[in-house]
Amino acid sequence: METTLQNALKAAFEELFNHQVDEIELQPTRKEFEGAYTFVMFSFLKAVRQKPEELGQKLGDYLVQNLPEVSGYNVANKGFLNISLSEKVWIDAFAQMAKNENFGQLPAQNQKVMVEYSSPNTNKPLHLGHLRNNFLGYSVAKILEAAGYEVVKANLVNDRGVHICKSMLAYVKFGHGETPESSGTKGDHLIGKYYVEFDKRMKEQVKPILAQVAQGDFSLFTSAEQQNIVTYQTKIAKIQQSVEQEQKNLPALKGQLLASFDQDFQDLFNEWENSNLITSSTFKKHIDGATFGKKQAPLVKLIRKIIKLYNSIGKEEGNIKQLANNKTALMGEVTQMLQKWEAKDPDTIALWKKMNGWVYDGFNATYKAIGVDFDQMYYESETYLLGKEIIDDGLNQGLFYTKPDGSVWSKLPADVSPNDKLLLRSNGTSVYMTQDLGTADEKYKDHQIDKSIYVIGNEQDYHCVVLFQILKDLGRPYAKGLYHLSYGMVDLPTGKMKSREGTVIDADDLLLEVKKTAQDRTDALGKLEGMSDAEKEEIYRIISLGALKYTLLRVDPKKRMLFDKNESVDFQGDAGPFVQMNYVRTRSILRKAASLGIDTTKGWQVADLHPMESELIMLLQQYEQVIADAAGLVDPKMGYNPSLIAQYAYNLAKTYSQFFAECPILKTPDQSAESMERRKFRIALSTKTGEVIKKALGLLGIEVPERM
RNA sequence: GGUUCCAUAGCUCAACUGGAUAGAGCAACUGCCUUCUAAGCAGUAGGUUGAAGGUUCGAGUCCUUCUGGAAUCACCA
């Protein structure tokens, strides 16, 4: 229909004004105005030298005369041509849609796409951030399938390296042979416990080293490291100076303004000042959350500045700590263990396999619980040696070069990166980037994919840019199909999630909590009476997952989002359960219709439409377009975006809810044939809406219950 | 310091990529369950889109500057 209108408008321009138009853009008419499609005329006014009202009238008349489907038009706000379609168009469109079982499945693209997501570390359990990643990846895969692609879901598990050895070592030293069975702990959580344990022990060991450094004794470090430490310390000293500079202003401002703040603020301020101005996150939180008067602003601003400076010092100190960590006895043992692992020492490998097995059991349980799966697993333990032949390839092509110490580097265009990228250490071992290069080749070898989507957080934007650039420079055939679906971090009200500060929301815990809420709410409504416990459990599961997935997917993936455990998982309004509930209503209608003995298989005949009916049909008709948008068929930059589907599903559910409240479906005013036909039509409309809701939610990885 | 991203109602998010009177939900307030599932529907209130300039028929969206926030820039992964 849209293209018919576009062509007709093009023809109109040519016939009426002898003016060639390449592209006509139509948009759905806004709800407040009469019409189905809107043509924005502004850009054409000059070319055809017409006033907006005249042009609108001429084009409108032309459409009405030439297209039987167009029932009318209006020109609004000096430039918007709103085109109305006859009700018959909508009725026919719906009749066709209702027959189409494959509605929502776009024609085959004859292309293969790989979506890589999840990519966990085997040293700690999954948390909220992973959930966003998993839900996004799974949903994008479903959307691409609906858009006609063949999809391979891949998971690249980070199962080797220093961090894995940390938990292994901690387990050997402090584990006393504990197992998931003996401790009653899920495997991934058990390993996570030892990773934390390692960190704790290392912190103890690093203290004396740091004390030594503070006294100017760098004897433990190599000369290069010593240089770095000096650099860091110089930076710290410089920042320290700035702090002192700023601090000088503090007493005066304090004397002037502090009394104007509330008691909470004053208390926190005093505590902060007395603790030698050490960053107090509670104080910062208080400042960020509060509003201040204009007069108070200078003091607040100064405090902010000082806190920020202290944060910078913290970062620099962190760098020194990092170097010091490597000098601890524990880290020495870890390095030894890694070398043993790489040398395939039987005991080390056996331990590694045993512990990884536990983690995989744990992960698989969580994957199963959240309803995601994979077609292809990759393990870094198997891919970390890949990429070496790529090094040769790049050296031959003159894209890489070798430094005197034997390390290999990649040249990069200045606009991509000012620094060259290390690919091979001087000791000949490969880095993260090298592995990823190799894995990219491997993926292509395994599946001949046309497109490859990496679902990775935006903290790795730079890494992906460099990775893709190198592959492009190397002339890899799949390079143009690479796409980094860069999603924003999930923030908590307390700020960023940090495992060290214990502010991580664990995935398994969260699932349990949300399920409990779903159960309480469902039970309070009391609609599940007479069902078995197993049936109820299943419904709690579906609703809680729906609520959780919806909250994480309704936000534009690119944007960072805030997650408040107490408020974020909504069950009302713009939320998963609301959409699910409207599906349930359509099912309820069907059940009731069957019990009334209404034959829903036969067709129906209506001549006109209630406004809510046409609105529903219009929305239903947009479904396939929404899939195309969400899959990036129109514009890849806009695509890979489940939030478009979530928004659509919510709109459809909301519209159905209005229709449901306004239009009696089964109840008829009389027994006339017309009323009977109307009833059958509304049942069909209801059924189709339910189908589309189910399909749309399916693209988000959300299931629907039959009752709730 | 360089680069990139972000700032919209009290809160969480939208706004079809430059279009109409900036929309939803939550929270607050008013109505509506003897009738198809009220996790609902209808309504009220809530905005100088961080600030100031600019580009044009038209700016939340593009450009410049400023303010505030985040990420990143390793022989870590």
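**Around RNA strand B**

Visitor: Which element gives the most to the surface near RNA strand B?
Guide: That's α24, with 7 residues. Here "near" means having a heavy atom within 4 Å. This is a predicted model, where local features need pLDDT of at least 70, side-chain atom pairs need 80 or more, and totals for chains, interfaces and linings use all residues.

Visitor: How many residues surround RNA strand B, and which are the closest?
Guide: There are 67 around RNA strand B, and the closest are D405, L525, K527, S588 and F660. Of the RNA strand B atoms that come within 4 Å of the protein, 57% belong to sugar and phosphate.

Visitor: What does the side chain of K527 do there?
Guide: One of its N or O atoms sits 2.2 Å from a phosphate oxygen of RNA strand B; the limit for a polar contact is an N or O pair within 3.5 Å.

Visitor: And what about L562 and G573?
Guide: Both use the backbone: an N or O atom of L562 is 2.6 Å from a phosphate oxygen of RNA strand B, and for G573 the distance is 2.9 Å.

Visitor: Which elements give two or more residues to that surface?
Guide: They include β2 (37-40), α2 (42-48), α20 (507-525), β14 (561-562), α22 (576-595) and α24 (642-662).

Visitor: New topic: how are the labels set?
Guide: Residues count from 1 along each chain, chains are lettered from A and ligands numbered from 1 as written, and side-chain values use heavy atoms without hydrogens or water.

Technical notes:
A polar contact is a pair of N or O atoms within 3.5 Å; within protein, one must be able to donate a hydrogen and the other to accept it, and residues adjacent in sequence count only if both atoms are side-chain atoms. Helices (H or I, at least four residues) and strands (E, at least two) are DSSP runs, numbered from the N terminus.
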